[in-house]
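Work through the exercises below with the sequence and the structure at hand, and try each task before reading its solution.

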Amino acid sequence: MPKGNFPIEKFKNLNTPFYYYDTTLLRETLEVAQSEASKYGYHIHYAIKANANKKLLDIIKQAGIGLDCVSGGELKAGIEVGFSPDRIMFAGVGKTDDEINIALDNNIGCFNVESVQELEIINSLAIAKGKTANIALRANPNVDAHTHAKITTGTYEDKFGINIELLPEAIKTVRLFKNIKLVGLHFHIGSQITDISTFEDLCVCINELQDELEASGEATVQHINIGGGLAINYEHPNHLPVPDFETYFRVFNKHLKLRKGQHLHCEPGRALVAQSGTLITRVLYVKKGITKQFAVVDAGFSDLIRPAMYDAYHRIENITSEDTPDVYDVVGPICESSDVFGKERKLNCTKRGDLIAIRSAGAYGESMASQYNLRPLPKSYMSEEF
Ligand code: LLP
């Protein structure tokens with residue numbers, strides 16, 4: 001069984017659970033993403049919600065990538081790390097007045113606006129500060145992302161964005177407000193999108209919308225933001241650990257008809273950071289039942305909630321045992337039946353004290369951790385610290 005590239009002897013002296021980030025892989029991923037995007041002059045804004053660990057943010061900033069934020073906390077974290085405010089986008093269906101003011105005070109690049117009422121509020125808060133806010137309207141394009149229901153966002157019944165049929169009207173409304181300026185159109189149809197043709201559907205939809213707007217005499221917006229969503233391979237994290245950014249950007253170059261001078265922005269989260277992160281946990285007990293056996297580990301869904309929340313699959317490896325594999329349910333210590341990382345997983349014969357690696361946990365792992373049961377938040381280590 002492949003074990004990934006872990007400093008196991010060093011791990012043995014550390015308290016568990018903790019996140020371990022392979023910064024070499026992270027840098028490589030960022031470099032590939034940047035070089036594929038720059039082939040076409042596309043701009044990447046990292047969706048910080050995937051992982052806001054300061055050390056990772058610093059590396060992402062150094063790679064010359066911008067930021068996509070969805071809260072005042074994320075805006076502050078990004079600015080504190082040193083992301084240039086004009087390369088920060090602020091999205092979210094429920095921005096509070098305080099959050100809008102933080103964005104205005106810091107002169108961020110663009111608000112991705114999700115409702116007509118939000119336009120009105122940003123305009124009035126901007127008037128109070130004597131500023132003009134750049135905004136992009138988020139369109140809900142009704143493109144099915146064929147992904148988990150809880151991470152699909154671009155269909156008619158989702159709360160996100162402005163229904164694409166109502167968008168021309170919303171654009172007219174923008175003109176009524178003097179302290180906001182329409183600079184872009186924003187789209188995001190879902191996350192962990194494995195079928196690349198879904199992005200072609202998105203391109204078709206954007207092309208149609210732009211044609212329609214042009215036909216009705218609207219001026220071309222400065223940028224098109226295609227959101228995030230590129231998937232990673234959870235089953236085989238060692239197989240092509242850097243996602244296929246080449247194909248991803250090629251699809252947009254081939255199918256999206258950008259207008260003259262129009263820029264393309266994107267907001268990947270998972271694809272940039274997921275494979276660099278691993279949750280390392282220790283086996284507390286091996287409990288034998290009648291039909292199955294459990295490896296009870298010291299990490300729980302408070303540390304990594306994806307399996308419990310989305311039935312997400314993460315590859316699980318015993319990185320300290322060389323013994324003949326056996327089958328285990330790998331479970332956490334939290335008193336809820338959903339606190340399971342994987343059922344019927346083949347692991348090298350497992351005993352108390354063994355270290356278990358839960359792979360592909362760099363995105364929506366540490367950032368979704370909680371203190372449920374008053375458990376401490378998980379610690380984190382960077383590979384370059386060892
Ligand atoms: N842009 C917008 C407007 C978004 O809502 C999201 C993610 C992204 C970009 C980044 O998407 P990504 O490239 O990471 O797929 N917690 C879930 C994922 C929720 C994604 C929410 N929005 C999970 O663990 O799978």
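**Exercise 1.** What volume does the second largest pocket have? Describe its lining as well.

*Solution.* Bear in mind from the start that the model is predicted. The volume of the second largest pocket comes to about 290 Å³. Sorted by class, the lining of the second largest pocket is made up of 9 nonpolar, 5 polar and 1 charged residues.

**Exercise 2.** How many cavities of 30 Å³ or more does a search of the whole structure find?

*Solution.* The search of the whole structure finds 1 cavity of 30 Å³ or more. As a next step, take the volume of the largest cavity, which is about 90 Å³. Finally, look at the residues around the largest cavity: its lining includes I171, R175, L182 and L185, and also Q210, L213, E214, E218, A219, T220 and V221.

**Exercise 3.** How many aromatic pairs are there in the whole structure, and why is the pair of Y381 and F386 called tilted?

*Solution.* A search of the whole structure gives 18 aromatic pairs. For Y381 and F386, the ring centres lie 6.0 Å apart and the planes meet at 50°, so this pair is tilted. The reasoning rests on the cut-offs, because planes under 30 degrees apart would count as stacked and planes over 60 as edge-to-face. F386 has a relative accessibility of 32% and therefore counts as partly exposed. Elsewhere, one aromatic cluster is formed by Y40, Y42, F199, F245, Y248, F249 and F252.

**Exercise 4.** Which lysines sit over the rings of F90 and F294?

*Solution.* Over the face of F90 lies K95, at 5.5 Å from the ring centre. In the case of F294, the charged end of K287 sits over the ring, 5.8 Å from its centre.

**Exercise 5.** Which domains does the domain assignment give for the protein chain?

*Solution.* The assignment gives domain 1, with residues 8–18 + 275–385, and domain 2, with residues 23–274. The contact between them takes 23 residues from domain 1 and 27 residues from domain 2, while the C-alpha centres of the two domains lie 33 Å apart.

Notes
Residues numbered from 1 in each chain as written. Predicted model: local features only at pLDDT ≥ 70, side-chain atom pairs only at ≥ 80, totals over all residues. Heavy atoms only, no water. Phe/Tyr/Trp six-rings, centres within 6.5 Å; stacked < 30°, edge-to-face > 60°. Buried < 20%, exposed > 50% of the residue type's maximum accessible area, 1.4 Å probe, protein only. Lys NZ or Arg CZ within 6 Å of the ring centre and 35° of its normal. 1 Å grid on protein atoms, 1.4 Å probe; cavity = no way out; pocket = protein on both sides within 12 Å on 5 of 7 lines; lining within 4 Å. Points joined across faces, edges and corners; volume = space filled by probe spheres on them. Nonpolar A, V, L, I, M, F, W, Y, C, P; charged D, E, K, R; others polar. Domains from an automatic or database assignment. Contact = heavy atoms within 4.5 Å.
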